[in-house]
Amino acid sequence: MKKQPGSVWVIAEQIDCRILDVSLQLIAHARKLAIELETSVEAVLLGDKMNEQTRQLFAAGADRVYLGNAPDLAHYQPEIYTEIIVKLAKERQPEIVLIGSTSMGRELAPLVAARLGTGLTAHCIDLVLDENKILESIIPAYGGLLSIICPEKRPQMATIAAGVFPKPEMDENRTGEIIALEVPDDIPRRIQTLEIIREKPQGVSFESAPIVVAGGAGAGDLEGWRKIADLAETLNAALGATRPAVDEGWAELETMVGQSGKIVSPELYIGVGLSGELQHMVGIVGAKVMVAINNDAKSPVFEQVDYGVVDDCREFVPVLINKIKEYQEKLVTC
Amino acid sequence: MLKIVVCVKAVPDPKEAHKIKIDPATKILTRSDVPFVLNLVDKNAMEAALQLKEQLDAHITILSMGPPPADNIVKECLALGADQGFLLSDRAFGGADAYATAYTLAKGIEKIGPYDVVLCGMASSDGSTEWVGPEMATFLKIPVVTRVNEIVEYDGEWWKVKAGLENGYRLVRVKLPAVFTVTRDLNTPRSLTFSGIIKARKKEITQWGIDELAVPEESAGQKGSPTIISNLATIDSKRTVEIITGTREEKAEQLVQKLADTGLI
Ligand SMILES: Cc1cc2nc3c(=O)[nH]c(=O)nc-3n(C[C@H](O)[C@H](O)[C@H](O)COP(=O)(O)OP(=O)(O)OC[C@H]3O[C@@H](n4cnc5c(N)ncnc54)[C@H](O)[C@@H]3O)c2cc1C
Ligand SMILES: Nc1ncnc2c1ncn2[C@@H]1O[C@H](COP(=O)(O)O)[C@@H](O)[C@H]1O
């Protein structure tokens, strides 16, 4: 008889008792995988006084929630979180474990994977099952798409960025089983979180902006970058960056768009001074209209957009800003 | 004395890395002659070690796993002021994923001897997983803090550091020995000096293979890697572009019209 596969797990994340969108997106995708595998979806939620929030996990598609409620779990604590998840995974033997690619997930996932002696993939843009029902993480690399699998070790683990999978439809009538977890008492306490500070993000957020302006190495220097930033401001757009722009120190890491950064779904995308490298372009999902400004007519970016302007962005962008302003003023007056 | 190990990785020069392509027919990497350089954020890990050495009685060991040409980046770190360097190099280490890399590096650290602090970059430019630091810490059975962007207190057995979060940070106390992965916000790396390069000539690099490390063959390289590449596909989700032509003014005007047609501006 074939062995019944273990469940598909999602390690849900909460910040100040709010479940992150990425966790719900992953649960909905886990549901699809679980149907194919003929198994169930289970979420692990660690926090304090989180009973109410389990409803969202069920509504998104979870069948069972392992819930750890304790003051010690209110915030991410690497040692305690790792210990609880590792212990539970050894007991329950999940087939797949998915974690959001957040700063917590990026630390917690390898801690758990290494303890379980299993593989972990990052930066995938899709997760599918192959003909042997093995999880394939689809990852852009070297101008193509690689499939990475973990053929032998279990669970199969992956971290996935917010926005890779769509917002789930929430079925408020769905319910499921809650299993309470205890905080083990033999945990080493070599890391103490003294304080967590969250500031209001600056600028226009990627989540809400219908327009994303992204800048790349072609900005040349900080002055060139400021012009691209001005364009974003004029359009009330979110400002994204390619990796070289982050490496140069013009833009914050959090604004990096692409495979190892943010995945965004704007209606309009304007890429300025960037080459259209796959690792960046996979960060833009489902954009209706795409525009590129690049001084090299042969740049691969022009194969991936609807409108192209071949020009030096440092010269062209200020002219474009003026034209946009003229247009906007005309709109106001008539 | 504070014993510091800095893990540094030789990566294909990111400025040329896009030339490395997979041939869809043969599934072989083309242009693998792109030169190796020191992973960018590893320079910040190196700088952190140098600054600690300026403040405290410290000793800096460089550790890298990679092919023989990775020798050069270890040398570069010695020239920056590290005291000794180790390169873990063996055919059997090839094809390692983050798990096998972390395991081999952990074995290297154990063989080097007692240590207090292990510094890594946040991510490598080619793998970019961020896994190696935390997985290595797991194998060494010591705590890890990732994305460190400030070392607040560093005297004594408990350190205090700030680690980056989405739109903020966490302030963490951690007991040594520990692994820290650092971000580019931590510091500004110094440049090589001529005298540093001269001094580094006298420093030696120890090379260890699988036998010296006593890593079982099934735990190293591709054999020790839980994940493998199973398939490779090309993408052809291309759009048909309309190139807007004219003088700079005309191009801008036409583009504004196109943008206006979307109803978004
Ligand atoms: C594992 C991995 C993960 C990665 N993840 C990401 C990611 O998440 N996000 C990301 O962005 N990158 C990522 N990268 C890097 C990615 O592969 C590319 O290197 C990067 O996207 C290129 O950025 P760019 O287009 O700004 O720079 P370049 O490729 O250097 O392109 C610059 C472009 O600007 C043009 N230009 C130059 N001067 C001007 C001018 N004056 N006016 C107009 N145009 C000009 C040039 O013609 C060129 O096309 C990743 C790489 C790896 C290996
Ligand atoms: N082969 C290697 N040799 C030495 N250090 C490494 C190696 N691979 C990764 N590292 C370290 O781990 C960090 C994170 O790498 P990664 O997990 O690949 O993103 C790097 O910045 C290095 O400090």
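Between chain B and chain A of this predicted model, the count of salt bridges is ten. One of these joins B:Lys251 to A:Asp311, where the closest N and O atoms are 3.4 Å apart.

Which elements of chain B give two or more residues to the side that touches chain A? They are strand E3 (21-22), helix H4 (132-140), strand E9 (144-153), strand E10 (158-165), strand E11 (168-175), strand E14 (228-233), strand E15 (242-244) and helix H7 (248-261) of chain B. The element that gives the most to this side of chain B is H7(B), with ten residues. When the residues of the side of chain B that touches chain A are sorted by kind, they divide into 35 nonpolar, 15 polar and 19 charged.

The extent of the contact can be described by residues and by area. Chain B brings 69 residues to the contact, and chain A brings 83 residues. The size of an interface is often given as the accessible area lost when the parts come together. For chain B and chain A the buried area is about 6900 Å², and carbon and sulfur atoms give 60% of this area. Within chain B, the residues that lose the most area to chain A are B:Trp131, B:Arg239 and B:Arg248, which together make up 11% of what that side buries.

The two chains also meet through their strands. Strands of a sheet pair through backbone hydrogen bonds, either parallel or antiparallel. Strand E10 (residues 144-149) of chain A pairs with E14(B) in the antiparallel sense, over five bridges. Within this pairing the reader can look for A:Ser147, which stands opposite B:Asn231 in E14(B).

Chain A also holds a sheet with parallel pairing, an open sheet of seven strands in the order E7-E11-E6-E1-E4-E5-E12. At its edges stand strand E7 (120-121) and strand E12 (177-181) of chain A, each with a single partner strand, so one side of each is left without a neighbour in the sheet. Strand E5 (residues 64-69) of chain A pairs with E12(A) in the parallel sense over five bridges, and here A:Arg64 stands opposite A:Glu177 in E12(A).

The model also contains ligands. Around ligand 1 there are 28 residues, of which A:Ala217, A:Thr242, A:Ser260, A:Ser275 and A:Gln279 come nearest. Why is the site of ligand 1 shared between chains? Residues from chains A and B surround ligand 1, and therefore the site is shared. Looking at individual atoms, a polar side-chain atom of A:Thr242 lies 2.6 Å from an oxygen atom of ligand 1, and a polar side-chain atom of A:Ser275 also lies 2.6 Å from an oxygen atom of this ligand. With A:Asn295, in contrast, the protein atom is a backbone N or O atom, and it lies 3.2 Å from a nitrogen atom of ligand 1.

Ligand 2 has 20 residues around it, and B:Cys7, B:Asp42, B:Met65, B:Gly121 and B:Ser124 come nearest. A backbone N or O atom of B:Cys7 lies 2.7 Å from an oxygen atom of ligand 2. An oxygen atom of ligand 2 is 2.9 Å from a polar backbone atom of B:Glu130, while a backbone N or O atom of B:Val132 lies 2.9 Å from an oxygen atom of ligand 2.

Some details of the backbone remain to be pointed out. Most residues other than glycine have a negative phi, and most peptide bonds are trans. The peptide bond that joins A:Arg154 and A:Pro155 is cis, with an omega of about -5 degrees, and A:Pro155 is found in the loop between E10 and strand E11 (156-160) of chain A. In chain B, the peptide bond from B:Leu176 to B:Pro177 is cis, with omega near -5 degrees, and B:Pro177 lies in the loop between E11 and strand E12 (178-182) of chain B. B:Lys141, although it is not a glycine, has a positive phi of about 60 degrees, and this residue lies in the loop between H4 and E9 of chain B.

Conventions
Residues numbered from 1 in each chain as written. Chains lettered and ligands numbered in written order. Predicted model: local features only at pLDDT ≥ 70, side-chain atom pairs only at ≥ 80, totals over all residues. Heavy atoms only, no water. Contact = heavy atoms within 4.5 Å. Buried area = accessible area lost by both parts, 1.4 Å probe. Salt bridge = Lys/Arg side-chain N within 4 Å of Asp/Glu carboxyl O. Helix = DSSP H or I, 4+ residues; strand = E, 2+ residues; numbered from the N terminus. Nonpolar A, V, L, I, M, F, W, Y, C, P; charged D, E, K, R; others polar. Pairing = 2+ DSSP bridges. Near = heavy atom within 4 Å. Polar contact = N/O pair within 3.5 Å; in protein donor to acceptor, adjacent residues only side chain to side chain.
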